[in-house]
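Q: Please take a close look at one part of this model, the helix packing and the charged pairs around it. What touches what, and how are the pieces oriented?

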Amino acid sequence: MTEPSPRPAASGGATQPEEADRLRGMLRDPSYLKTLVFCALIGIPVSFAAFWFLVALHELEHLMWADLPQALGWNTPPWWWPLPLLPVAGIGVGLVVTHLPGAGGHIPASGLHAGGAPARALPGVVLAAVASLPLGATLGPEAPLIAFGGGLAILFRDLARAPATPATTALLGAAGAAAALSAIFGNPLIAAVLLMEVAGIGGPQLFAVMLPALLSSGVGSLVFTGFGRWTGLSTGGLSLKLGEPFPRLDAGDVVWSVLMAVAIGAAVHLVMVTGRRVAAFVATRTVVHTAVCGLAAGACAAVYALVTDRSPVDVASSGQAMMAGLAADPHAWGVGALIAVMLCKGAAYALCLGSLRGGPVFPSLFLGAAAGVLLAPLPGLGLVPGLAAGMAAAAASALRLPVSSVVLVALMLGSAAMSPVVILAAVVAFVTAELLPPGRAVAPVGKPAGAVPADAADRA
């Protein structure tokens with residue numbers, strides 16, 4: 001791809017036409033058009049590979065947590081079931097980290113990263129994910145999918161002997177990762193938005209412009225849709241009509257959502273900081289300490305099962321499958337069970353973030369959903385607004401990707417009715433987490449902890 005020519009100094013309205021000319025020039029560039037076509041073609045095999053990768057993970061998880069216990073005479077896994085599985089996961093990941101190129105992918109406590117793994121690192125990424133996720137890691141599959149999809153795209157480019165430049169490598173890595181992510185999120189929009197935000201296009205300046213715009217859009221949405229019955233205005237929308245109506249937002253929903261966002265942002269930030277401390281602990285003696293962390297995460301799930309008489313799967317999983325049940329029947333969870341799952345799953349999440357391999361998205365969403373359901377009985381706060389605000393706040397503070405968090409929660413809810421509280425909660429939680437001390441930075445894969453600059457902290 002040809003590099004754009006330096007932009008001459010301009011003032012006033014001269015910049016905008018110049019930017020439009022540069023965009024037209026880029027779209028007319030044959031090398032860029034070839035890259036677009038190649039990205040479209042490469043998305044087909046990458047999507048197929050990502051689909052079967054997810055199927056394999058799902059089948060292995062079902063085998064370990066459903067088929068095997070039933071074959072041994074239990075309808076559900078007994079309370080001690082995670083205790084042998086998660087140390088095995090820790091040993092497996094530790095061996096991958098120490099013996100295979102790429103160390104099994106990046107450490108989850110460092111957040112999501114754009115781009116793919118090099119071809120020689122793909123076996124380690126796959127093996128680390130297989131060792132972690134089916135055996136009960138409190139992580140999701142999205143981070144391995146990003147590395148796997150992006151790495152496959154670059155591998156196919158190399159096999160086709162297409163020209164390789166830094167620009168095309170970055171584009172292909174992002175395109176492959178987005179194609180793979182669509183398989184798990186079931187929607188190309190969130191995959192594209194997530195990769196755009198993870199890549200950090202525009203750097204801090206993007207966030208400086210984006211946060212006020214995002215916040216004001218949430219406030220404006222409150223006014224135009226009617227703050228309770230205050231304005232009574234009606235506007236059109238792009239969402240489909242749902243069979244079950246969403247409640248109208250009122251002052252209590254908004255006030256509690258903001259307060260919840262501050263508390264959830266601080267709590268999830270503490271979990272992420274703990275995860276980075278666990279990563280530093282693991283780096284000193286990788287195999288042994290990873291196994292110890294796996295055992296500790298398994299103990300969290302076992303304690304939860306003993307205390308609540310529920311399945312340890314509630315803790316020893318990403319939480320993706322449980323969110324639907326929690327949202328559909330929140331009354332099936334008592335107050336004690338909600339508190340226990342938040343404490344035990346939060347601790348297991350922090351341990352797995354620093355030791356095993358996976359993604360941080362779904363555990364954070366589940367923790368936020370549990371907090372929203374727990375706090376829903378507060379006077380003036382409804383169940384749906386609490387659930388929506390909790391998920392948005394937890395995702396934004398864990399991922400540090402406020403726009404992606406808003407889009408993801410809105411798509412999960414299937415309606416734009418809760419968008420104002422979702423946006424407010426995401427922005428408030430993001431700002432809260434960013435203003436807190438970042439804690440220790442996570443070392444890049446293959447480098448000692450001391451090699452990371454102190455100011456390279458916290459952003460995904």
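A: A crossing of two helices is called left-handed if the near helix is turned anticlockwise from the far one by less than a right angle, and right-handed if clockwise. The model discussed here is predicted.

By that rule, H11 passes H13 in a left-handed crossing. H11 covers residues 320-328 and H13 covers residues 361-375. Their axes come within 9 Å and cross at roughly 20 degrees. Angles under 35 degrees count as roughly parallel, and H11 and H13 are therefore roughly parallel to each other. On the H11 side, the contact is made by Gln-320, Met-322, Met-323 and Leu-326. H13 contributes Phe-362, Leu-365, Phe-366, Ala-369, Ala-370 and Val-373. Sorted by class, the residues of the contact of H11 with H13 are nine nonpolar, one polar and no charged.

The next pair is H14, residues 383-399, with H15, residues 402-413. The axes of H14 and H15 come within 8 Å and cross at roughly 150 degrees. H14 passes H15 in a right-handed crossing. From H14, the residues in contact are Ala-388, Met-391, Ala-392, Ala-395, Ala-396 and Leu-399. They meet Pro-402, Ser-405, Val-409, Met-412 and Leu-413 in H15. The contact of H14 with H15 has ten nonpolar residues, one polar residue and no charged residues.

Now the charged pairs. Side chains of opposite charge can pair when their charged atoms come close. The structure holds two salt bridges.

One of them involves the loop between H14 and H15, where Arg-400 lies. Arg-400 forms a salt bridge with Glu-434, and the closest N and O atoms are 3.4 Å apart. Glu-434 sits in helix H16, residues 419-435, so this pair links distant parts of the chain, with the two residues 34 residues apart. Arg-400 is buried, with a relative accessible area of 2%, whereas Glu-434 is partly exposed at 32% relative accessibility.

The other salt bridge joins Arg-310 and Asp-314, with the closest N and O atoms 3.1 Å apart. Asp-314 has a relative accessible area of 8%, and because buried means under 20%, Asp-314 counts as buried. Arg-310, at 27% relative accessibility, is partly exposed.

Technical notes. Residues are numbered from 1 along each chain as its sequence is written. This is a predicted model: local features need pLDDT of at least 70, side-chain atom pairs count only at pLDDT 80 or more; totals for chains, interfaces and linings use all residues. Side-chain values use heavy atoms; hydrogens and water are left out. Axes are lines fitted to C-alpha atoms, for helices over the stretch in contact, and angles run from 0 to 180 degrees between N-to-C directions. Helices (H or I, at least four residues) and strands (E, at least two) are DSSP runs, numbered from the N terminus. Contact means heavy atoms within 4.5 Å. Ala, Val, Leu, Ile, Met, Phe, Trp, Tyr, Cys and Pro count as nonpolar, Asp, Glu, Lys and Arg as charged, and the others, Gly among them, as polar. Angles under 35 degrees count as roughly parallel, over 145 as roughly antiparallel, 65 to 115 as roughly perpendicular and the rest as oblique. A salt bridge is a side-chain nitrogen of Lys or Arg within 4 Å of a carboxyl oxygen of Asp or Glu. Buried means under 20% relative accessible area, exposed over 50%, partly exposed in between (1.4 Å probe, protein chains only).
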